[in-house]
Amino acid sequence: MTTQEIVSKLWNLCNVLRDDGITYHQYVTELTYILFLKMAKETDRESQIPETYRWDQLMGKSGVELKNFYKELLNNLGENCTGRVQEIYQGASTNIDEPKNLEKIITTIDGLDWFSAREEGLGNLYEGLLEKNASEKKSGAGQYFTPRVLIDVMTYLMKPQPGERCNDPACGTFGFMIAAHQYVCDHTDNLWDLDADLAKFEREEAFTGCELVHDAHRLALMNAMLHDMEGEILLGDTLSNMGKGLKDYDLILTNPPFGTKKGGERVTRDDFTFSTSNKQLNFLQHIYRSLKADGKARAAVVLPDNVLFADGEGEKIRVDLMDKCNLHTILRLPTGIFYAQGVKTNVLFFTRGKTDKDNTKEVWFYDLRTNMPSFGKTNPLKREHFAEFEKGYEAKDRRNVPDERWNVFTREQIEETGNSLDLGLIRDDSVLDYQDLPDPLESAEEALTQLEEAQNLLNSVINELRALTEVG
């Protein structure tokens with residue numbers, strides 16, 4: 001049984017819970033509670049869990065006894081355990097009222113082909129569930145789930161290295177950090193055998209995050225555990241004063257939440273230079289300020305179009321970004337790739353300078369939005385769609401890349417636009433450019449002139465014919 005088949009089987013269990021009024025998102029959270037116990041058994045990690053509340057004890061009960069025991073288990077693991085177990089179960093409660101439904105889920109999970117699941121990777125199985133949840137419009141999970149292909153492209157271009165401190169200040173289900181961890185593993189020979197201290201650092205400190213939403217935080221913790229990652233994942237608001245401690249990173253990969261703070265109130269961070277209620281602008285401030293000022297620390301950040309052109313404090317933040325960092329590339333993403341339809345987004349790539357002034361000399365733009373097919377659930381974005389962008393991004397001299405989607409603007413040219421970065425979009429072939437059409441008044445005058453010339457010529461011919469007739 002493949003991971004995809006196991007994911008489908010687990011997802012179909014959601015139908016069992018419809019009568020209990022369970023939403024898709026609640027179902028994934030409920031699955032997380034139960035899967036944690038089963039996966040702890042499958043990976044020989046049950047020592048973290050009191051013997052009384054391990055998988056075999058759960059399997060040994062049924063009916064009302066099972067329901068009551070399950071509630072007791074959730075409460076006990078959330079209050080009396082430590083470490084990851086307590087973090088995952090803290091404040092946990094069940095929405096399953098019917099004992100038979102709970103029993104159905106537990107017995108189905110127990111009967112899955114766990115040998116195959118382990119072979120393909122339990123982390124991959126869980127990420128498959130998260131992606132399935134995000135693709136369901138009714139779940140609402142798409143708001144914090146970045147398409148895997150985009151995560152992979154951003155991670156590949158940022159190239160995280162062993163020993164670097166990587167962070168996602170709005171980590172959702174921890175997808176970016178898991179991709180960064182995987183990149184390091186895939187591109188480092190025998191990392192775990194070469195240096196015990198480095199291996200410990202990679203497992204416990206290299207990849208960290210912060211998440212505001214409690215349920216998403218649980219999913220992130222579970223995801224990290226299944227990928228053997230023990231880095232700190234904070235539950236809290238990066239834009240509050242707790243976020244001041246998130247700093248000195250070598251790499252940041254993130255997709256901050258869209259929108260403004262509720263009620264339009266200002267951010268509570270007291271160390272931000274510029275005050276605005278726009279979440280993305282505040283996250284952008286946080287990100288470039290939290291990078292090491294060593295000329296190497298870098299970030300790739302998904303941000304909506306409004307960040308590129310917002311005036312007032314928005315312009316000041318963009319100027320500050322271009323002063324403190326080398327904002328070398330902006331990728332204009334196509335629409336339809338996020339589950340929130342119609343959102344226009346970009347990826348900003350920048351490197352923190354050693355100084356706080358004049359680090360950006362020019363900004364390169366790549367337009368992957370114009371003249372692109374319509375993407376969505378039936379036509380998903382694929383890695384090959386980024387092939388030309390990746391090739392140009394890594395070229396020694398982008399001026400030699402024969403691709404009209406690349407455009408470059410100097411800092412001076414950007415200043416002339418009021419420091420707007422809403423630039424670099426190519427001509428849309430699907431839109432009629434009225435500027436290229438002839439002026440209707442000029443066209444009419446030209447047609448009238450041609451008509452008069454034709455009339456004069458005709459009159460001349462008639463007169464000649466009359467003259468010949470008279471002569472005859």
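Guide: Helices are DSSP runs of H or I with at least four residues, strands are runs of E with at least two, and both are numbered from the N terminus. The model under discussion is predicted.

Visitor: Understood. Where is Asn419, then?

Guide: Asn419 sits in the loop that joins α18 (411-416) to α19 (440-471).

Visitor: Is Asn419 buried or exposed?

Guide: Asn419 has a relative accessibility of 10%, and because buried means under 20%, Asn419 counts as buried.

Visitor: And what about its phi?

Guide: The phi of Asn419 is positive, at about 60 degrees, although this residue is not a glycine. Asp228, also not a glycine, has a positive phi near 60 degrees.

Visitor: Where does Asp228 lie, and how does it count by accessibility?

Guide: Asp228 belongs to the loop between α13 (214-226) and β3 (233-235). With 40% relative accessibility, Asp228 counts as partly exposed.

Visitor: Let us step back. How many helices and strands does the protein chain have?

Guide: The protein chain contains 19 helices and 9 strands. Of its 472 residues, 50% are buried.

Visitor: Among contacts between residues at least 6 apart in sequence, what share joins residues at least 24 apart?

Guide: That share is 75% in the protein chain.

Visitor: Which residues does Phe386 touch, leaving aside neighbours within four places in sequence?

Guide: With those neighbours set aside, Phe386 is in contact with Val149, Leu150 and Val153, with Leu331 and Leu333, and with Leu368 and Leu381.

Visitor: Now helix packing. At what angle do α2 and α6 pack?

Guide: Helix α2 packs against helix α6 (residues 99-110) at an angle of about 50 degrees, and their axes are 11 Å apart. The two helices are therefore oblique to each other, and α2 passes α6 in a right-handed crossing.

Visitor: Which residues make that contact?

Guide: From α2 the contact has Tyr27, Leu31, Ile34, Leu35 and Lys38, and from α6 it has Leu102, Ile105, Ile106, Ile109 and Asp110. By class, these are 8 nonpolar, no polar and 2 charged residues.

Visitor: What about α9 and α10: how do their axes cross?

Guide: The axes of helix α9 (residues 148-158) and helix α10 (residues 175-186) cross at roughly 50 degrees and come within 9 Å. Angles of 65 to 115 degrees count as roughly perpendicular and those under 35 as roughly parallel, so α9 and α10 are oblique to each other. Their crossing is right-handed.

Visitor: Which residues are involved there, and how do they divide by class?

Guide: On the α9 side they are Arg148, Ile151, Asp152, Met154, Thr155 and Tyr156, and on the α10 side Gly175, Phe176, Ala179, Ala180 and Tyr183. The contact of α9 with α10 has 7 nonpolar, 2 polar and 2 charged residues.

Visitor: One last point. Where does Thr173 lie?

Guide: Thr173 is in the loop between β1 (166-168) and α10, and at 6% relative accessibility it counts as buried. Its C-alpha atom is separated by 9.7 Å from that of Gly209, the two residues being 36 apart along the chain.

Conventions
Residues are numbered from 1 along each chain as its sequence is written. This is a predicted model: local features need pLDDT of at least 70, side-chain atom pairs count only at pLDDT 80 or more; totals for chains, interfaces and linings use all residues. Side-chain values use heavy atoms; hydrogens and water are left out. Contact means heavy atoms within 4.5 Å. Axes are lines fitted to C-alpha atoms, for helices over the stretch in contact, and angles run from 0 to 180 degrees between N-to-C directions. Angles under 35 degrees count as roughly parallel, over 145 as roughly antiparallel, 65 to 115 as roughly perpendicular and the rest as oblique. A crossing is left-handed if the near helix is turned anticlockwise from the far one by less than a right angle, and right-handed if clockwise. Ala, Val, Leu, Ile, Met, Phe, Trp, Tyr, Cys and Pro count as nonpolar, Asp, Glu, Lys and Arg as charged, and the others, Gly among them, as polar. Buried means under 20% relative accessible area, exposed over 50%, partly exposed in between (1.4 Å probe, protein chains only).
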